[in-house]
Amino acid sequence: MSLPNLWVYLAHVDFFPYVQQRWPKVLEDGVDEKYILNHWHENDHFMRTTFAGLWWHTYLTYDESRTNPTELTEVLFKSQDFRTLRFGELGLIRHKPAMMGVLEFLMENPEIMQNAFDARGQYISRYFNLLGGTRPLAFMDKSYFKASLDKVKDKLLAIKSIHDVQNKVIDIE
């Protein structure tokens with residue numbers, strides 16, 4: 001997270017009204033301090049920080065070689081949960097080919113995002129987390145990530161709820 005103080009400054013000064021509106025729990029009595037730290041200050045989950053997450057996710061998905069350079073950004077921003085809690089929290093997403101490969105797969109397979117995507121997104125996140133323990137993912141190109149998801153597409157489509165993913169074994173084949 002380059003220049004963490006910049007993100008904190010923007011949240012507290014220039015864009016304070018926006019951040020207050022975006023994360024309104026901060027105005028409630030007894031708000032959990034982790035909530036404030038996650039959205040307003042430098043922390044271990046910088047992709048949840050209001051402006052750091054927005055900037056980095058946009059940077060990592062912008063592709064000027066495409067007819068619409070922001071189409072992958074649009075795919076990522078369809079799901080707040082996937083963007084900030086699932087895939088967006090993985091260190092893997094800082095590897096632009098990984099981000100682009102996964103998002104291209106989702107764009108080309110819109111049915112994955114249509115139903116139970118929070119659960120399917122959790123599966124994708126867990127799958128690559130496990131896969132990263134056996135393969136050097138930081139050296140793979142985007143076609144590797146798309147092909148990896150193509151291999152498990154039927155498993156993804158079979159997921160109907162979070163119960164199909166939580167506490168279940170995920171095979172990395």
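This is a predicted model: local features need pLDDT of at least 70, side-chain atom pairs count only at pLDDT 80 or more; totals for chains, interfaces and linings use all residues.

Trainee: What describes two packed helices in general?

Mentor: Two values do: the angle between the axes and the distance between the axes.

Trainee: Is the crossing of α7 and α10 left-handed or right-handed?

Mentor: The crossing is right-handed.

Trainee: Which residues of α7 and α10 meet?

Mentor: From α7, the residues are Pro97, Ala98, Met100, Gly101, Val102, Glu104, Phe105 and Glu108. Their partners in α10 are Lys142, Phe145, Lys146, Leu149 and Asp150. Seven residues of this contact are nonpolar, five are charged and one is polar.

Trainee: Now the whole chain. How many helices and strands does the protein chain have?

Mentor: There are 11 helices and zero strands. Read from the N terminus, the elements run α-α-α-α-α-α-α-α-α-α-α.

Trainee: What share of the residues of the protein chain counts as buried?

Mentor: The chain has 173 residues, and 42% of them count as buried. Its accessible surface comes to about 9500 Å², with 53% belonging to carbon and sulfur atoms.

Trainee: And what share of the contacts with a separation of 6 or more joins residues 24 or more positions apart?

Mentor: Such residues account for 65% of those contacts in the protein chain.

Note on methods: Residues are numbered from 1 along each chain as its sequence is written. Side-chain values use heavy atoms; hydrogens and water are left out. A crossing is left-handed if the near helix is turned anticlockwise from the far one by less than a right angle, and right-handed if clockwise. Helices (H or I, at least four residues) and strands (E, at least two) are DSSP runs, numbered from the N terminus. Contact means heavy atoms within 4.5 Å. Ala, Val, Leu, Ile, Met, Phe, Trp, Tyr, Cys and Pro count as nonpolar, Asp, Glu, Lys and Arg as charged, and the others, Gly among them, as polar. Buried means under 20% relative accessible area, exposed over 50%, partly exposed in between (1.4 Å probe, protein chains only). Accessible areas come from the Shrake-Rupley method with a 1.4 Å probe; for residues, only the protein chains shown count as cover.
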